[in-house]
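Open the model in your viewer and colour it by secondary structure. The stops below go from one selection to the next.

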Amino acid sequence: MQQRPSTALIELTGISKTYHMGEVSVPVLHGVDLTIDAGEHVAIVGRSGSGKSTLMNILGCLDQPSTGSYQLDGREVDTLDDDELSDLRGRMVGFVFQSFHLLRNLTVLQNVALPMEYQGVATPERHARAKELLERVGLGHRFDHRPNQLSGGERQRVAIARALSNQPSLLLADEPTGNLDSKAREATLGLFDELHKQTGVTLVVVTHDDSIAERTPRVIRIADGRIQ
Ligand SMILES: Nc1ncnc2c1ncn2[C@@H]1O[C@H](COP(=O)(O)OP(=O)(O)OP(=O)(O)O)[C@@H](O)[C@H]1O
Ligand SMILES: [Mg+2]
């Protein structure tokens, strides 16, 4: 009998995370089981301190769980060494953060091209692709600006273009509209919807904002480090 191929991009089983601060242990995640299929659009919603960013850092291979299994695209993350992990992250994951995390000394175009440089993409190709991405997010007229010469909404659009530069399978956004006014917030959420439809990227948005949850097809609620 033929087995149906699994479409899960993310499979977490019994994940826990405890931070250690000297003698003090801070347990944050407890027995998290979660499956996210390739191409899904998911919101992870919970109050401040519930463990959302901790979970996102694990999903993005920025941090390792204390116990449990994380399979990303069929690979057991726990078995990878640091180099393999950063390679996996660089090829598969794009990040968008609340405070943009753009490099202030680089132009908009250079910021978007940088992750491709890390992946060894040749200069003409990465510039061409960075321009294309910036046009796609409506910033075709801002290539040579620096981050501090942009509005908050524009900065977040640069960050989104950068996150997509290596054509990731997984786009993770942690409170992406937290620093934006209502108009820029709407534009950013609309852009995420559009990019999700166009590229089929698996999109996971972490937020405490219930109105983002309302417009997202699948909502996962987290409280005190447990999926509800
Ligand atoms: N590096 C760390 N060392 C110790 N404790 C930590 C560390 N990072 C987070 N914590 C604690 O873990 C808990 C969850 O933090 P986390 O950042 O995951 O919450 P969050 O849901 O993202 O909150 P917010 O909505 O405010 O961003 C918090 O109580 C926090 O103090
Ligand atoms: Mg957080």
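Helices (H or I, at least four residues) and strands (E, at least two) are DSSP runs, numbered from the N terminus. This is a predicted model, in which local features need pLDDT of at least 70, side-chain atom pairs count only at pLDDT 80 or more, and totals for chains, interfaces and linings use all residues. Residues are numbered from 1 along each chain as its sequence is written, while chains are lettered from A and ligands numbered from 1 in the order in which they are written.

**Stop 1: Leu9**

Select Leu9, which has its place in strand S1. Is Leu9 buried or exposed? A residue is buried if 20 or more other C-beta atoms lie within 10 Å of its own, exposed if 12 or fewer, and partly exposed in between, with C-beta atoms placed from the backbone. Leu9 has 21 other C-beta atoms within 10 Å, so Leu9 is buried. Now show its contacts (two residues are in contact if their C-beta atoms, placed from the backbone, lie within 7 Å). Leaving out residues up to four places away in sequence, Leu9 touches Ile36, Asp37, Ala38, Asp73, Ser169, Leu170 and Thr202. For a distance to draw, take Leu9 and Ile44: they are 35 residues apart along the chain, and their C-alpha atoms are separated by 16 Å.

**Stop 2**

Two strands pair if DSSP finds at least two bridges between them. Four strands form an open sheet in the order S2-S1-S4-S5, with antiparallel pairing. Strand S2 (24-37) and strand S5 (75-76) are at the edges with a single partner strand each, so one side of each has no neighbour in the sheet. Strand S1 (residues 8-21) runs antiparallel to S2 and is joined to it by 10 bridges. To see one of the pairs, pick Lys17 and its bridge partner in S2, Leu29.

**Stop 3: the six-stranded sheet**

Next, select the open sheet of six strands, ordered S6-S7-S8-S3-S9-S10 with mixed pairing. Its edge strands, S6 (93-97) and S10 (226-227), each pair on one side only. Start inside the sheet, at strand S3 (residues 41-45), which pairs in the parallel sense with strand S8 (residues 202-207) over five bridges. S3 also pairs with strand S9 (residues 218-223), again in the parallel sense, over four bridges. Val42 stands opposite Val204 in S8, and its bridge partner in S9 is Arg218.

Move to S6, which pairs in the parallel sense with strand S7 (residues 170-174) over five bridges. Helix H5 (residues 152-163) packs on the sheet and touches S6 and S7. The direction of H5 makes about 170° with that of S6 (angles run from 0 to 180 degrees between N-to-C directions; axes are lines fitted to C-alpha atoms, for helices over the stretch in contact).

**Stop 4: H5 against H6**

Gly152, Gly153, Gln156, Arg157 and Ile160 of H5 make the contact with Ala184, Ala187, Thr188 and Leu191 of H6.

**Stop 5: helix H1**

Finish at helix H1 (residues 52-59), where six of the eight residues are buried, so the helix is largely enclosed by the rest of the structure. Select Lys52, Thr54, Leu55, Met56, Ile58 and Leu59 to show the buried residues of H1. Just after H1, Cys61 takes a positive phi of about 60°.
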